[in-house]
Each structure stands twice: as structure tokens, then as C-alpha cells.
Amino acid sequence: MTEQTSSYALNDKVVLVTGASRGIGAAVAKRFGAAGAKVAVVYRSGADAANAVVKDIAATGTEAFAVAGDVAKAEDAKAIVAKTVERFGRIDVLVNCAGVAEYRPFEKTDLDLFRAHFDTNVFGTIAMIQAALPHMPAPGGRIINFSSALATRPIPTSSIYSASKGAITTLSHALAKEFGPRGITVNTVAPGVIETEMTAKILKERGEGIKAMTPLGRIGQPDDVAGVAVFLASPDAGWLTGRAFIVDGGVS
Ligand SMILES: NC(=O)c1ccc[n+]([C@@H]2O[C@H](COP(=O)([O-])OP(=O)(O)OC[C@H]3O[C@@H](n4cnc5c(N)ncnc54)[C@H](OP(=O)(O)O)[C@@H]3O)[C@@H](O)[C@H]2O)c1
């Protein structure tokens, strides 16, 4: 278990984090737990991993529970939200971290690849927001969506993934305008390369090169991103909405 600390006190907050069974989402969920929030740890297939995250959060003295579902299915998104509301009464903060990524030359892309990316990365985010919105405080709700530095700095073979993450940045900007009058903020976190299962292959092939082009001189870790999400849910971030924050150790 990684020891988590947080500069923020979010004791009265209920936070739902998708993609929380591993990688960045797991670090985000644990960091919210360290800030005292109650956390719904949402996963698709990694029940054991999600339960381990719940155990880590519970060990810090706050409440968490694991909830399974495929965010790409609207009925699952509704069920995830319903179970969270049944358990904790409301959702103050929604973090859409669930995502998939596959890099492929454009000529080899097909409808299946397109659907896999846009169903989870884009529709999954939309479905979760639609389901959670009626249960979020207005004013006061916070929505944090995960894009990628590759949305604005694509590389060869990232076309479909980058397009799906570009859609998230634009969606978040538009929703910030739409939900602003209700006092709900919508922001985007756009990480650079972070060491997770998603990037294992890339880091094996190009890790040294990525490190060399990173001004801070190392490969980003899930914890490097987690605090940014918690900041965006904190009182200090109340005047931030519609913004995308590139978290890449200075690469861009
Ligand atoms: N790692 C990076 O370098 C990087 C860079 C930029 C942006 N991002 C973005 O940051 C987010 C997290 O990335 P990561 O590296 O932590 O990924 P990861 O290690 O591959 O974890 C992905 C998570 O998303 C969940 N998930 C995937 N599809 C799902 C679906 N349809 N419904 C519900 N859950 C689903 C997985 O659940 P199960 O394992 O339980 O199935 C897992 O918890 C993603 O949105 C990714 O695009 C990552």
C-alpha cells in the first residue's frame, strides 16, 4: 500500500472515480480518501484490484466501496450512480478517469477501434455525467474529466485515441459554459506519459527517450496526477472551469 497524504480536507465530500481499479484512477481515488472524502471506486473487470483500493482507503479512516460497471453502457452508468447515491446520498465530485488506448497506424484503424475508443472515452464520460448530474449539488458540484496531452500534441499512430481525448477537452469546455450558471465546474486533466498498464509497452520501447525529453527528468507516476484532481475539487479551485490542465513534467 502506498502511503497517501493530501493537503486538502474534503471530509464532507462524496467522490465517484471511474477507472479506479488501477493506474491513475486508483491513485486519484486513494488521494481523495486521504483528503477524507467518501469514495466510490468504479471498475469494469478488476474486482480484486478495486477491492484492494477500497481497503487502502478504508485504512486511512474514511469510507469507500467498489462498484462494477461498463461506463460505455448508459444503463451501467445509471446503475453505478444509483449504487453510489444509495450508499452515500449524493455525488459532490465526479472524476471520469476510465479510458482505453491503442496506438495503430491510421491505415489499420477500423470501426471496432473507433468504437472502442469513442464508446468508453467519450460516451462513457457523457453517460456518467448525465447519470450523476441530478445528484450533484448546484452550486458546488465538480466534474473532472481525463483527456491526454496527446489531444493537443498527437503522435503518429495516436489518431483515434487523440481524437477521442480531443473530444473530451471540447466536451468539458462546452459543459463548463452550460453548467456554470448552476455553480458546477467542469475541468480536464490532460496527463503526459504516466507509468501504468496503459503505457507499459510504450515505456518498454521508448522509456529512456521519453525520460530524456521530460524537463523534470523522470517518468510521470499516477501520484503526480492524483493531487491535481484533488486540487480541482478543492475550495481553492472554485474559480476554475472549462480549463484543461496538461500534467506532463514540462514536455509540451
Ligand atoms: N497513463 C498515461 O500515460 C495516460 C496519459 C494521458 C491520459 N491518460 C488517461 O488517464 C486515464 C487513466 O489511464 P491509466 O493509464 O490509469 O489507464 P489503465 O491503467 O489502463 O486503467 C484503465 C482503467 O479504466 C477502466 N476502464 C476501462 N474501460 C472501462 C469501461 N468501459 N468501463 C469502466 N471502466 C473502464 C479499467 O477498469 P478494469 O481494469 O477494472 O477493467 C481501469 O480501471 C485514461 O482516461 C487515460 O486515457 C493516461
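Helix α4 (residues 111-132) has 22 residues and reaches 29 Å from its first C-alpha to its last, close to the 32 Å expected at 1.5 Å a residue. The expected span is 1.5 Å times one less than the number of residues. Helices here are DSSP runs of H or I with at least four residues, strands are runs of E with at least two, and both are numbered from the N terminus.

This is a predicted model, in which local features need pLDDT of at least 70, side-chain atom pairs count only at pLDDT 80 or more, and totals for chains, interfaces and linings use all residues. Residues are numbered from 1 along each chain as its sequence is written, and side-chain values use heavy atoms, with hydrogens and water left out.

| Helix | Residue at the bend | Angle |
|---|---|---|
| α4 | Phe123 | about 40° |
| α6 | Arg206 | about 80° |

Helix α6 covers residues 200-212, and the 17 Å between its end C-alpha atoms agrees with the 18 Å that its 13 residues should span at 1.5 Å a residue. Ile202, Leu203, Gly207 and Ile210 are the buried residues of α6. Buried means under 20% relative accessible area, exposed means over 50%, and partly exposed is in between (1.4 Å probe, protein chains only).

Thr157 lies in the loop between β5 and α5 (159-179). Although Thr157 is not a glycine, its phi is positive, about 85°. Thr157 counts as partly exposed because its relative accessibility is 32%.

Another loop, between α4 and β5, contains Pro139. Ala138 and Pro139 are joined by a cis peptide bond, with omega about 10°.

The largest nonpolar core has 35 residues, and Val28, Phe32, Val41, Val95 and Phe146 are those with the most contacts inside it. Elements that each supply at least two residues of this core include β1 (14-17), β2 (38-43) and α7 (222-232). Helix α1 gives the largest share, six residues. Such a core is a set of buried Ala, Val, Leu, Ile, Met, Phe, Trp, Tyr and Cys residues joined through side-chain atoms within 4.5 Å.

Technical notes: Bend = angle between axes of the 7 residues up to and from the residue.
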